[in-house]
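Colleague: I'd like to learn how to read helix packing and nonpolar cores. Can you walk me through a case?

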Amino acid sequence: MGIEGKVALITGAGQGIGRAIALRLASDGADIAIVDVNGDKAEAVADEVRSRGSKAISIVADVTARDQVRAAVDQADEELGSFDIIVNNAGIAQVNPIADVTPDEVSRILAVNVEGVLWGIQVAAAKFKALGHGGKIINASSIAGHEGFAMLGVYSATKFAVRALTQAAAKEFASDGITVNAYCPGVVGTDMWVTIDERFAELTGAPRGATFEKFVGGIALGRAQTPDDVAAFVSYLAGPDSDYMTGQAGLIDGGLVFR
């Protein structure tokens, strides 16, 4: 028995890793609520989910606004008939030396990467309790949540914070049958990494693509990661095989950071 008939909500699912997670969980048999700030992208992914035979809805919401996250969870429950899994995937990157980071930049990335996860945890746990059953909370951390990287200091701090929230929430909600885990990707071939690479080029003078290739060169398995690689691990976290796992932040990076 897997997650057939379960309802999963994924934030930041209009593209990249979030899209791959939505499609994988749909292939596993779940119905999917696609949440993104871009409605057109969210609906396009919802169409892809429907083509796989699962129900899907698209919801426009900003994860930094707790009321919008709560409304998205309520809508998923009402329109899809249940609520069992949340994947707090939405996040943004920031490449800047610590000496140059501005207050506005810090506020923005903390709001999306930390508060967005916090509100997702809070709202999902409340809904699971109201429905009278346990559930799965799955958060997006990163290799940068296990090791701080130069030029990615504040980004790394937000991903360390996600690990802390994951551990604390796992302890607080275990008695309710709610597990809380995180996934920690590495160098994934997505638009986010294109942006990271371009910003490193601006700051260091390296040719475009050089930073990406440098990081990929350190991966033991010898290739860049795909969104599907991440989605496969999230599938495990969403399913019953991980029922005895909670409070963990698993590295899924091809062998780049070892802990």
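Modeller: First, the ground rules. This is a predicted model, where local features need pLDDT of at least 70, side-chain atom pairs count only at pLDDT 80 or more, and totals for chains, interfaces and linings use all residues. Residues are numbered from 1 along each chain as its sequence is written, and side-chain values use heavy atoms, with hydrogens and water left out.

Colleague: At what angle do helix 1 and helix 2 pack?

Modeller: Two packed helices are described by the angle between their axes and the distance between the axes. Here, helix 1 (residues 16–27) and helix 2 (residues 39–51) pack at about 20°, with axes 9 Å apart. Axes are lines fitted to C-alpha atoms over the stretch in contact, and angles run from 0 to 180 degrees between N-to-C directions. Helices are DSSP runs (H or I, at least four residues), and strands are too (E, at least two), numbered from the N terminus. The two helices are therefore roughly parallel (angles under 35 degrees).

Colleague: Which residues make the contact?

Modeller: Helix 1 brings Arg19, Ala22, Leu23 and Ala26, while helix 2 brings Val45, Glu48 and Val49; contact means heavy atoms within 4.5 Å.

Colleague: And which residues touch the most other members of the largest nonpolar core?

Modeller: A nonpolar core is a set of buried (under 20% relative accessible area, 1.4 Å probe, protein chains only) Ala, Val, Leu, Ile, Met, Phe, Trp, Tyr and Cys residues joined through side-chain atoms within 4.5 Å. Of its 32 residues, Ile10, Ile21, Leu25, Ile32, Ile34, Val87 and Tyr183 touch the most other members. Helix 1 gives the most to this core, with seven residues.

Terms used. Angles under 35 degrees count as roughly parallel, over 145 as roughly antiparallel, 65 to 115 as roughly perpendicular and the rest as oblique. Buried means under 20% relative accessible area, exposed over 50%, partly exposed in between (1.4 Å probe, protein chains only).
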